[in-house]
Amino acid sequence: MLKDCRTVWANCLRVIKANIGEQSFKTWFQPIVPVQLHNNVLIIQVPSQFFYEWLEEHYVNELKKAIYQELGPDGRLEYSIVVDQGNAQTKPRTLNLPTSRKATGPAPVATPAAALADGPMSSSARNVAAAAAAPAPQATLRNPFEASKGIDRNYLHSQLNHSYTFENYIEGDCNRLSRSAGLAVANKPGTTSFNPLMIYGGVGLGKTHLVQAIGNHIKATNADKFVLYVSAEKFTNQFIESLRSNAVQDFANFYLLVDILILDDVQFLSGKDKTQEMFFHIFNHLHQAGKQIVMTSDRPPRDLIGLEDRLLSRFKWGLTADLQSPDFETRMAIIQNKMQQDGIDIPPQVVEYLAHSVNTNVRELEGVLISLVAQSSLNRREIDLEMAKQALRHIIEEVEAEVNIDYIQKTCAEYFGVPLDLLKAKTRKKEVVTARQVAMYFVKEHTTHSLKSIGHHFGGRDHTTVIHSVQTVSDLIDSDKSFRSTIQELRKKFAGK
Ligand code: ADP
Ligand code: MG
């Protein structure tokens, strides 16, 4: 009888559900979509690399058991990981990885993800080191951005967005140093002392815009230079893919060709040792060859927990500059510039109202503008103060929701798969305790609640319990890699809103 993947997966879920808690099941198994069953290999799609690692780390035995029951001793499981959600123009991209164990296999087999997580330098990483030391080869390179292109540098695509320029990057006190350092680098890549240039600042403050502007400026003035913009996330995914397809050497060689490397959101490399190792070698090679490196991070380098010291100390070779939230005048100028760029007309008092009210970040400000324009054209109504107030009510509520204690508790409870009320109860069950400690840690980090008040919100606990929890979490972040990545993943939920 021919089985289809949905039926097989539904049966697997029944087996798994019987073996794990309801919340965990909801969190980790409901989002999975079965995509294919072929030759006894079941492929399931998971939303992210992190999700995959989590399943492999925590539920591999349950999965193994279910696959065995459904597909027998030859059954195998593979993951299809969504690595890029895509957009209207491009389809989502996925990456396939095997499970770390066969359904019946006695010994675990290392996967690319496992190789990445820890342990001694893998042979592929050694290849990278060798590649970094050798001069860039002249043939058979694979561009990780466009599968198997030849080596002609003219074809190498920069991955830049042309709409991010210095001209439309409004200067203010909040960004003066970063902007002028960026301009200096853009005018003389690789020859200023700003190498590497590291720009850091909170979400939506213009990091990506600024570093893309550097790239676009260099491309416009130095046609022969190979500028490459890549997010640290994409870099990581490409690296994993190259491990999977035995093309690590190609991956390294491709990056060694770059003249100006722009790596966005370098905090994403935290806790990813093998990827960091690869970046370290690329960094050294490019830097020695006088190539320019530009990076961004959402926090100052000293707070990049999970980044190796030797990499961090490299960042100090150049200049580190920050971006602050724009002041009122800069916000006004940004709105006016945006209106002009998009041909939007908004009455001056509305512009002023927006600049006064939205002081979190520039992305938020742009979001409000877009929603106002959309409402105005949908309702065939001119944008006025009333409409702006309506639009802002929604945004302001969201901003408040982001920092409050309820949101953090709810998010942590969901994430660890424990019921919210247990988080605030007396239970000392290990999984509840961990979730509770992590939630306390984030409340301390993201809100202004006193220790006493935090204790009060977690079932009337003493402030010393809160101190102990925060300390335990901090210690675990330092000592336990997988815990550290858990925290990083959660931190994104709070910082990325
Ligand atoms: P980040 O990378 O720091 O999260 P982005 O670079 O994506 O932030 O910026 C968010 C939005 O705000 C972008 O659309 C960007 O063009 C705009 N923006 C940020 N700073 C400025 C500025 N100084 N002038 C004009 N637009 C800005
Ligand atoms: Mg960005």
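Student: Which residue in strand 8 is the bridge partner of Leu197?
Tutor: In strand 8 that partner is Val294. Strands are DSSP runs of E with at least two residues, helices are runs of H or I with at least four, and both are numbered from the N terminus. This is a predicted model, in which local features need pLDDT of at least 70 and side-chain atom pairs count only at pLDDT 80 or more, while totals for chains, interfaces and linings use all residues. Residues are numbered from 1 along each chain as its sequence is written, chains are lettered from A and ligands numbered from 1 in the order in which they are written, and side-chain values use heavy atoms, with hydrogens and water left out.

Student: And what is the partner of Leu197 in strand 9?
Tutor: Leu319 is the partner there. Strand 5 runs parallel to strand 9, with four bridges joining them. Strand 5 and strand 8 are also parallel and joined by four bridges. Two strands count as paired if DSSP finds at least two bridges between them.

Student: What's the strand order in the sheet?
Tutor: The order is 6-7-8-5-9, five strands in an open sheet with parallel pairing. From one strand to the next the twist averages 15°; axes are lines fitted to C-alpha atoms, for helices over the stretch in contact, and angles run from 0 to 180 degrees between N-to-C directions.

Student: How many bridges between strand 7 and strand 8?
Tutor: Four, again in the parallel sense, between residues 260–264 of strand 7 and residues 292–297 of strand 8. Leu261 has Ile293 in strand 8 as its bridge partner.

Student: Back to strand 5. Which way do the side chains point, and are they buried or exposed?
Tutor: Leu197 and Ile199 point one way, Met198 and Tyr200 the other, and all are buried. Buried means under 20% relative accessible area, exposed means over 50%, and partly exposed lies in between (1.4 Å probe, protein chains only). In a regular strand, side chains alternate between the two faces of the sheet.

Student: Which helices lie across the sheet strands?
Tutor: Helix 8 (residues 207–221) lies across strand 5 (197–200), strand 6, strand 7 and strand 8, at about 160° to strand 6. Helix 11 (residues 273–288) lies across strand 7 and strand 8, at about 140° to strand 8.

Student: What does UniProt list under "binding site"?
Tutor: The unreviewed entry lists Gly204, Gly206, Lys207 and Thr208. Positions are in the numbering used here, feature names are shortened, and such annotations may be inferred rather than shown by experiment.

Student: Where is Gly206, and is Gly206 buried or exposed?
Tutor: Gly206 is in the loop between strand 5 and helix 8. Its relative accessibility is 19%, so Gly206 counts as buried. Leaving aside neighbours within four places in sequence, Gly206 is in contact (heavy atoms within 4.5 Å) with Tyr169 and Leu323.

Student: What about Thr208?
Tutor: Thr208 is in helix 8 and counts as partly exposed because its relative accessibility is 25%. Not counting residues up to four places away in sequence, Thr208 touches Tyr164, Tyr229 and Asp264.

Student: What is Phe29 in contact with?
Tutor: Beyond neighbours within four places in sequence, the contacts of Phe29 are Trp9, Leu13, Ile16, Ile20, Ser24, Leu55, Tyr59 and Leu63.

Student: Backbone check: which residues does the cis peptide bond join?
Tutor: Asn195 and Pro196, with omega about 5°. Pro196 is in the loop between helix 7 (176–187) and strand 5.

Student: And what is the phi of Arg380?
Tutor: The phi of Arg380 is near 45°, positive in a residue other than glycine. Arg380 is in the loop between helix 15 (362–378) and helix 16 (385–403), and at 78% relative accessibility Arg380 counts as exposed.
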